[in-house]
Amino acid sequence: MLTRRHFVMTAAALFSTPVVKPAFANTAPTRAQKAAWDAQVTPPNYDPATSNPWGLHPRFLPTRVVANDGLTPGDIHVDAVARYLYHIEEGGTAMRYGVAIGRGDLYESGTYTIRRKVEWPHWTPTRNMIEREPGLYAKYKDGMEPGPNNPLGSRALYLFVGNRDTYLRIHGSPHPRSIGGRASSGCVRMVMAHMNDLYPTVKIGSTAFLYPPEDRITAQS
């Protein structure tokens with residue numbers, strides 16, 4: 001049983017302080033279109049550590065931190081309580097990013113494998129999403145084209161269990177002000193500019209560990 005004490009001790013041991021089924025549409029953005037969209041979602045004179053036109057709490061800006069020994073470089077760890085994503089680097093460090101997680105019971109903690117990566121992906125809501133909120137999602141039942149307003153944003157990492165697509169993603173979001181909260185339908189959201197920085201450093205086959213959120217820790221304490 002995972003207790004609050006166990007989780008806090010585990011999280012503290014891992015990291016120290018700073019030092020949908022995919023839609024395959026016939027259309028695909030060109031390289032020029034992707035570049036134009038990337039420019040649109042990247043602040044002028046962008047500096048990951050300081051640029052903040054989104055009004056985020058400073059702790060959610062990208063920060064390099066020290067990770068404890070024993071963590072596998074390339075893996076991703078999502079602290080759902082603090083709303084951080086850590087990408088483990090060689091040499092005992094990790095890049096930390098602010099995230100938003102699923103609202104209510106839609107967030108699914110667990111261990112996943114990243115088996116697919118897509119730049120400027122298409123998006124199709126799952127059947128459960130449509131049934132749950134038809135007024136919001138039914139109009140997109142046949143999919144939504146890529147672009148800055150697409151819910152998956154500029155980049156997406158697709159989470160699998162074995163060979164089964166879970167329909168969970170780590171992705172950029174057109175709603176950067178949601179970072180730090182519980183806002184999605186289950187996925188892990190990031191600021192698109194931050195996601196664009198993370199994306200090329202993540203390899204297919206990497207493991208993503210999504211830890212439980214605060215309400216589930218409390219319920220099991």
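The model is predicted, so to speak for itself: local features need pLDDT of at least 70, side-chain atom pairs count only at pLDDT 80 or more, and totals for chains, interfaces and linings use all residues. Residues are numbered from 1 along each chain as its sequence is written, and side-chain values use heavy atoms, with hydrogens and water left out.

Searching the whole structure turns up 3 aromatic pairs. Here, rings of Phe, Tyr and Trp (its six-membered ring) pair if their centres lie within 6.5 Å; planes under 30 degrees apart are stacked, over 60 edge-to-face, and the rest tilted. Tryptophan 37 and tryptophan 120 make a tilted pair, because their ring centres are 5.1 Å apart and their planes sit at 55°. This pair ties together distant parts of the chain, 83 residues apart: tryptophan 37 belongs to helix H2 (residues 31–41), and tryptophan 120 to the loop between strand E7 (110–119) and helix H3 (127–132). Helices (H or I, at least four residues) and strands (E, at least two) are DSSP runs, numbered from the N terminus. Tryptophan 37 is buried at 13% relative accessible area, and tryptophan 120 is buried at 1%; buried means under 20%, exposed over 50% and partly exposed in between (1.4 Å probe, protein chains only).

Tyrosine 84 and tyrosine 86 pair up edge-to-face, since their ring centres are 6.0 Å apart with planes at 80°. Elsewhere, arginine 116 lies over the face of tyrosine 158, at 4.6 Å from the ring centre.

In E4 (residues 84–88), 5 of the 5 residues are buried, so the strand is largely enclosed by the rest of the structure. Tyr84, Tyr86 and Ile88 point one way, Leu85 and His87 the other. Strand E3 (residues 76–79) runs antiparallel to E4 over 4 bridges, where strands pair if DSSP finds at least two bridges between them. Histidine 77 has tyrosine 86 as its bridge partner. E4 is also antiparallel to strand E5 (residues 93–98), through 5 bridges, with tyrosine 84 opposite glycine 98.

Notes
A charge sits over a ring if NZ of Lys or CZ of Arg is within 6 Å of the ring centre and within 35 degrees of the ring normal.
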